[in-house]
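Me: I am new to reading protein models, and I would like to go through this one slowly, asking at each step what stands behind the words. Could you set each value beside the cut-off that it has to meet?

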Amino acid sequence: MLNIGECVVYGSHGLCQVRDILVPSFLERGKEKQYYMMISAVDAGSILYVPVDGAEDKVREVISADYAEGLMDDIEEVEEANLPEGKKAEATILEIIKRNVAEEMMGLVKSLHKIKAIREAEGKKFATLNEKYLNMAEKLLYTEMAYSLETEKDVIKRKVIEELSELPLETA
């Protein structure tokens with residue numbers, strides 16, 4: 001069972017803090033059960049109600065500071081997400097975001113940044129949909145990493161982009 005005040009990662013909602021454990025008033029009489037009331041750190045002001053029963057399958061611990069630091073320092077070692085071409089990539093991207101596993105998310109960010117850099121080098125636009133998913137993945141990943149490292153999300157973003165800009169664009 002989670003404790004009030006604890007921060008966890010709740011699937012594609014990202015970093016959340018358990019604000020309360022309660023029986024919400026919106027439940028039908030006779031169907032009352034306990035819920036975690038969680039406040040999202042990713043979408044400011046969002047309140048999520050998660051049933052206590054089964055929550056352990058939907059939440060995970062926040063990555064450690066050492067792990068977050070390692071993801072940035074060893075970014076060249078992180079495996080890029082294997083994305084199909086064009087619109088077929090969307091399903092793969094959504095699965096990675098839904099799982100919200102830090103290393104996979106970094107692989108997705110790495111892949112999308114690489115696609116963006118290649119497109120720009122070719123004088124082409126980066127697909128709007130890819131931009132949307134890149135922003136989503138960065139928001140989820142950088143919020144968690146910033147929490148772990150007790151810093152700001154923008155600091156993480158700058159460091160990751162700096163590390164990514166040093167990587168070669170060609171594929172191995």
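Me: Which residues does Glu138 touch, once residues up to four places away in sequence are not counted?

Reply: In this predicted model, Glu138 touches Val109, His113, Thr143, Lys157 and Ile161, and each of these counts as a contact because heavy atoms lie within 4.5 Å. Glu138 itself has its place in helix 4.

Me: What makes Glu138 count as buried or exposed?

Reply: The word buried is kept for residues under 20% relative accessible area. Glu138 has 4% relative accessibility, so Glu138 counts as buried.

Me: What makes the phi of Asn100 worth a remark?

Reply: Most residues other than glycine have a negative phi. Asn100 is not a glycine, and yet its phi is positive, at about 50 degrees. Asn100 sits in the loop between helix 2 and helix 3, and with 1% relative accessibility Asn100 counts as buried.

Me: Where does Glu150 lie, and is Glu150 buried or exposed?

Reply: Glu150 lies in the loop between helix 4 and helix 5, and Glu150 too has a positive phi of about 50 degrees without being a glycine. The word exposed requires over 50% relative accessible area, and Glu150 has 74%, so Glu150 is exposed.

Me: Why is Gly11 called buried?

Reply: The relative accessible area of Gly11 is 19%, which is under 20%, so Gly11 is called buried. Gly11 is placed in the loop between strand 1 (7–10) and strand 2 (14–22). Leaving aside neighbours within four places in sequence, Gly11 is in contact with Lys58, Lys98 and Asn100. Between Gly11 and Val101 there are 8.6 Å from C-alpha to C-alpha, although these two are 90 residues apart in sequence.

Me: What is in contact with Val18, leaving aside its neighbours within four places in sequence?

Reply: Val18, which is found in strand 2, is in contact with Leu2, Asn3, Ile4, Gly5, Glu6, Tyr36, Met37 and Met38. Its relative accessible area is 1%, so Val18 is buried. The C-alpha atoms of Val18 and Lys132 are separated by 28 Å, and along the chain these residues are 114 residues apart.

Me: How many residues are in the largest nonpolar core, and which have the most contacts inside it?

Reply: The largest nonpolar core has 31 residues, and Met106, Leu108, Met145 and Val160 are those with the most contacts inside it. The elements that give two or more residues to this core are helix 1 (65–73), helix 2, helix 3, helix 4 and helix 5 (153–165), with helix 4 giving the most, eight residues. A second, separate core has 12 residues, including Leu2, Tyr36, Val50 and Val59. As for Leu108, its contacts, apart from neighbours within four places in sequence, are Ala81, Leu83, Ile93, Ile96, Ile97 and Ala137.

Me: Which residues lie nearest the centre of the largest pocket?

Reply: The largest pocket is lined by 23 residues, and Pro84, Glu85, Gly86, Ile115 and Asn130 lie nearest its centre. Helix 2 (89–99), helix 3 (102–121) and helix 4 (128–149) are the elements that give two or more residues to this lining, and helix 3 gives the most, with five residues. The volume of the largest pocket is about 600 Å³, and its lining divides into 10 nonpolar, five polar and eight charged residues.

How values were computed
Residues are numbered from 1 along each chain as its sequence is written. This is a predicted model: local features need pLDDT of at least 70, side-chain atom pairs count only at pLDDT 80 or more; totals for chains, interfaces and linings use all residues. Side-chain values use heavy atoms; hydrogens and water are left out. On a 1 Å grid over the protein atoms alone, a cavity is a set of points where a 1.4 Å probe fits but cannot get out, and a pocket is an open set with protein on both sides within 12 Å along at least five of seven lines; lining residues have an atom within 4 Å of a point. Grid points are joined across faces, edges and corners, and a volume is the space filled by probe spheres set on the points. Helices (H or I, at least four residues) and strands (E, at least two) are DSSP runs, numbered from the N terminus. Ala, Val, Leu, Ile, Met, Phe, Trp, Tyr, Cys and Pro count as nonpolar, Asp, Glu, Lys and Arg as charged, and the others, Gly among them, as polar. Buried means under 20% relative accessible area, exposed over 50%, partly exposed in between (1.4 Å probe, protein chains only). A nonpolar core is a set of buried Ala, Val, Leu, Ile, Met, Phe, Trp, Tyr and Cys residues joined through side-chain atoms within 4.5 Å.
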